[in-house]
Amino acid sequence: MGRLVEVRNLTKKYCEGTVESRVVDNVNLEVDEREFVVIMGASGSGKTSLLHLLAGIDDFDEGIIRYKDSDLGRMSERAKTVFRRRNIGLVFQQYCLIPDLTVYENIMLPVMLEGKRKEEKKAAKDMILNLCRQLGLEKHIGKYPSQLSGGQQQRAAILRAVVNNPALLLCDEPTGSLNSAQADIVMKLLYVLNKKGQTIILVTHDIKVAVRGRRIVYIKDGRIGGELNFSEMQSGRAEPKEIYRHREDELMSFLKKRGW
Ligand SMILES: Nc1ncnc2c1ncn2[C@@H]1O[C@H](COP(=O)(O)OP(=O)(O)OP(=O)(O)O)[C@@H](O)[C@H]1O
Ligand SMILES: [Mg+2]
């Protein structure tokens with residue numbers, strides 16, 4: 001397993017008048033290919049800011065973000081857009097669906113932007129229909145975002161992020177608007193994608209969601225405030241519930257020590 005992304009001394013500042021706040025403050029992080037990393041931390045601790053920097057949709061003030069041989073800080077805006085389109089799927093906390101496009105058109109958009117061949121588009125269409133069925137969106141495929149509930153928009157946003165099979169999936173509270181049954185379906189989908197080789201970095205406040213990852217990174221005031229690595233899952237059993245329960249206890253004690 002090689003290194004997918006390396007973050008060194010990453011800092012993002014906002015200035016309001018003479019007051020400067022570091023929303024991402026000297027962060028160092030390495031994520032290997034095929035990892036499933038979960039980011040946790042209080043509201044306002046900088047989780048979304050960090051994901052947006054990793055996705056290259058926001059600029060940083062100091063430090064380095066390096067994807068294999070690609071140094072994000074040295075890329076032009078155009079190069080970053082192309083890099084993101086080819087390599088990264090981002091599920092926004094606020095969904096960010098395009099209001100003038102239907103659910104299907106929103107999900108298909110990354111495929112169209114890639115200018116894929118006819119047979120690839122057909123394969124993507126079949127995949128979308130299948131995933132919409134899995135996530136209970138099949139009745140809503142022709143609707144516009146304004147006609148959907150928050151949970152339906154969130155599921156559409158997840159499908160838009162995964163449709164191009166990106167090497168890296170960045171998910172910002174992807175189950176925040178879902179009930180526990182829907183969240184379970186989404187987490188199972190992410191589990192399968194991760195097993196097939198996609199690297200996942202997921203932000204959540206939900207302990208039950210967090211234990212689906214293998215490694216927890218805790219953020220406090222823009223800084224890394226600790227890491228927890230769960231032990232290997234038992235082989236041969238897809239989702240052993242006892243292991244998740246054990247992890248929940250481990251995670252609660254890790255978080256409590258950090259003022260959760
Ligand atoms: N454009 C901006 N200008 C000034 N401050 C900002 C801006 N965007 C974010 N911030 C500040 O950066 C800090 C981190 O915000 P961020 O959205 O990353 O938090 P978060 O950990 O994702 O929180 P939540 O769990 O509520 O989603 C917050 O204090 C926020 O007010
Ligand atoms: Mg956030």
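In this predicted model, R66 stands opposite D71 in strand 5. Strands here are DSSP runs of E with at least two residues, helices are runs of H or I with at least four residues, and both are numbered from the N terminus. Residues are numbered from 1 along each chain as its sequence is written, while chains are lettered from A and ligands numbered from 1 in the order in which they are written. Because the model is predicted, local features need pLDDT of at least 70 and side-chain atom pairs count only at pLDDT 80 or more, whereas totals for chains, interfaces and linings use all residues.

Strand 4 (residues 62–67) and strand 5 run antiparallel and are joined by 2 bridges; two strands pair if DSSP finds at least two bridges between them. They belong to an open sheet of 4 strands, ordered 2-1-4-5, with antiparallel pairing. Strand 2 (19–32) and strand 5 (70–71) each have a single partner strand and stand at the edges, so one side of each lacks a neighbour in the sheet.

Strand 1 (residues 3–16) pairs with strand 2 over 10 bridges in the antiparallel sense, and Y14 stands opposite S21 in strand 2. These two strands form a hairpin with 2 residues between them, and G17 in the turn has a positive phi of about 60°. Strand 1 also pairs with strand 4, again antiparallel, over 5 bridges; here T11 stands opposite E62.

Y14 is also one of the residues surrounding ligand 1, as are V23, G41 and Q93; a residue counts as near a molecule if its C-beta atom, placed from the backbone, lies within 6 Å of it. Helix 1 (residues 47–55) supplies the largest share of this shell, 3 residues.

The largest nonpolar core has 62 residues, of which I39, L54, L159 and L170 touch the most other members. Such a core is a set of buried Ala, Val, Leu, Ile, Met, Phe, Trp, Tyr and Cys residues joined through C-beta atoms within 7 Å, where buried requires 20 or more other C-beta atoms within 10 Å of the residue's own, with C-beta atoms placed from the backbone. Helix 5 (residues 150–162) gives the most to this core, with 6 residues.

Overall, the protein comprises 8 helices and 10 strands. Its radius of gyration, taken over C-alpha atoms, is 18 Å, close to the 18 Å that the globule rule gives for 260 residues, so the protein is as compact as a globular protein of that length. That rule is 2.2 Å times the number of residues to the power 0.38.

Notes: Buried ≥ 20, exposed ≤ 12 C-beta atoms within 10 Å, placed from the backbone.
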